[in-house]
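Biologist: I have a chain to go through before class. Can you show it to me?

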Amino acid sequence: MRGACACAVVCALVALCACAGLDERTRGAAERQLLALLGLPRRPARRAAPPPVPRAMRLLYEADGAIPAAAANTARSFHHTPTELDERFPGEHRFRLYFNLSGIPSDEIARGADLTFQRVDEVTGAQRLLLYDVVRPGRRGKTAPILRLLDSVPLRPAKGAVTADALSAARRWLSEPEHNHGLLVRVLEEGERNVDAKQPHVRVRRRVTEEDEEWNTRQPLLLLYTEDSRARAARESGETRLVRNKRATQRRGHRTHHRRKEAREVCQRRPLYVDFAEVGWSDWIVAPHGYEAYYCQGDCPFPLFDHLNGTNHAIVQTLVNSVNPAAVPKACCVPTQLSSISMLYMDELNNVVLKNYQDMMVMGCGCR
Ligand SMILES: *[C@@H]1O[C@H](CO)[C@@H](O)[C@H](O)[C@H]1NC(C)=O
Ligand SMILES: *[C@@H]1O[C@H](CO)[C@@H](O)[C@H](O)[C@H]1NC(C)=O
C-alpha cells in the first residue's frame, strides 16, 4: 500500500486534492506541509488580479524554467525604485539605480544577476557602459563615493538588449542589505578618456515626458537568479529526495475503498492531474493552472519482475513475504524517478517569482 511507503511532494499534493471532502484542520495541515515543501513560509495573500508578468520572466517560464545561471532554481525581476536621489542625475548618460532586494528569503544564495538595458535606435559611434557597485555613497563637497567596477560593456549600434553582470553587488546586498547604495551606471565615448556619451546607446533613466507604459518596456531590469536551501541540499546530496510523509496514515482511511479494488493490479504509474484552482491556489500561482503529477500505485507481487524496478532488497523482502506474510509486508510501490516543473508565483511583496521545483512529477514507479 502506498500509505505505508515513502512519499514526496507529489504525495502532499495528492493529500491536498483528496482533502476537498475533509475538515478545515486536516486541509490546513496538508496545505502547510505542501507550502513547506515548496519553501514558502506561508500562503501568499489573496489577490483579486495578479500583477502583469514581466516579459523576461514569461520568456524564462516558456523556456521550461531554463535559468541561465548554474545551480539556480529561482528567478526574480526588479526595477529601479525611484528616490529623491534620482534628481541628482539629470543626464541620460549617468544614473544611480536602486534595487530593493529586501524581500528575498535569507536561505537563498545569489547565483547570477543580469542587469539589462534597452537600446536606443539610430545612435552611431562606439561607446562603453561602465557599471559600478556603490560601496559607500559620497557626501556632497566632503568625500567622494567609493565605487567598485562590476562590468565594462562595449556598445556598438545593434539590436536587442545590453546585459551587464551585477552578481557581486547582489551578493553583497543580500548579506548586508543596509549597505545597498545601488549601482552607478555611466555611458562614455569609446577611445576617449572620461568623455560622457552625448547620445547614449542605451536607456538608463526615465525622461520627464515619458509615460509609465512607454517607460515600463524600456527601463533597466535586474534579473536575479538564486538557489534556495532545499535545492542546495538536493544538489549537494546528489540525489532526488524522497521525503517520508507523516500524513500517510490519515490519507489511507480516506481512500481505502478505491484501493481495495485496484490492489491486485500490479505497481504502475497512474494519472493524477493537480488543478491549482481546485486546491484554492490559483490566486497566487500565476502559471501553470495545473499539471500532471501522476502517482504510483499497485501490488508488488512475488516474484518481482524486472520491469517493476525493484532493488535487491525489495526482491528479498518480497521473497520473505511470500514465505511468511506475517513476518514482513510486501515491497512498496513508490516513485523511483521524479522530475521537476517550473512555476510562476507571487511572493508576499507582490513580485512575480519563477521557481523550478524538484521532484514534482512522477516519471517512473517501482517496488522498494
Ligand atoms: C524595501 O522594501 C521593503 C519591503 O517592501 C520596505 O520595507 C523598505 O522600506 C524598502 N526599502 C527601500 C530603501 O525602499
Ligand atoms: C520503471 O522505471 C522506468 C524508468 O524510470 C519506467 O519507464 C517504468 O515505467 C518503471 N516501471 C513502472 C512499473 O512504473
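Predicted model: local features only at pLDDT ≥ 70, side-chain atom pairs only at ≥ 80, totals over all residues.

Biologist: How many helices and strands does the chain have?

Modeller: Nine helices and 15 strands, taken as DSSP runs numbered from the N terminus (helices H or I, at least four residues; strands E, at least two).

Biologist: Which residues of helix 3 are buried?

Modeller: In helix 3, residues 55-62, the buried ones are M57, L60 and Y61. Buried means under 20% relative accessible area, exposed over 50%, partly exposed in between (1.4 Å probe, protein chains only).

Biologist: Why do they line one face?

Modeller: Down the helix axis, the buried residues fall within an arc of 100 degrees, so they line one face of helix 3. The arc is that of the directions from the axis to the C-beta atoms. Exposed R55 and E62 sit on the face turned away from the buried side.

Biologist: New topic. Which residues are around ligand 2?

Modeller: C267, H307, N309, Q337, G364 and C365, each with a heavy atom within 4 Å of the ligand.

Biologist: What does Q337 do there?

Modeller: A polar side-chain atom of Q337 is 2.4 Å from an oxygen atom of ligand 2. A polar contact here is a pair of N or O atoms within 3.5 Å.

Key: Residues numbered from 1 in each chain as written. Chains lettered and ligands numbered in written order. Heavy atoms only, no water. Polar contact = N/O pair within 3.5 Å; in protein donor to acceptor, adjacent residues only side chain to side chain.
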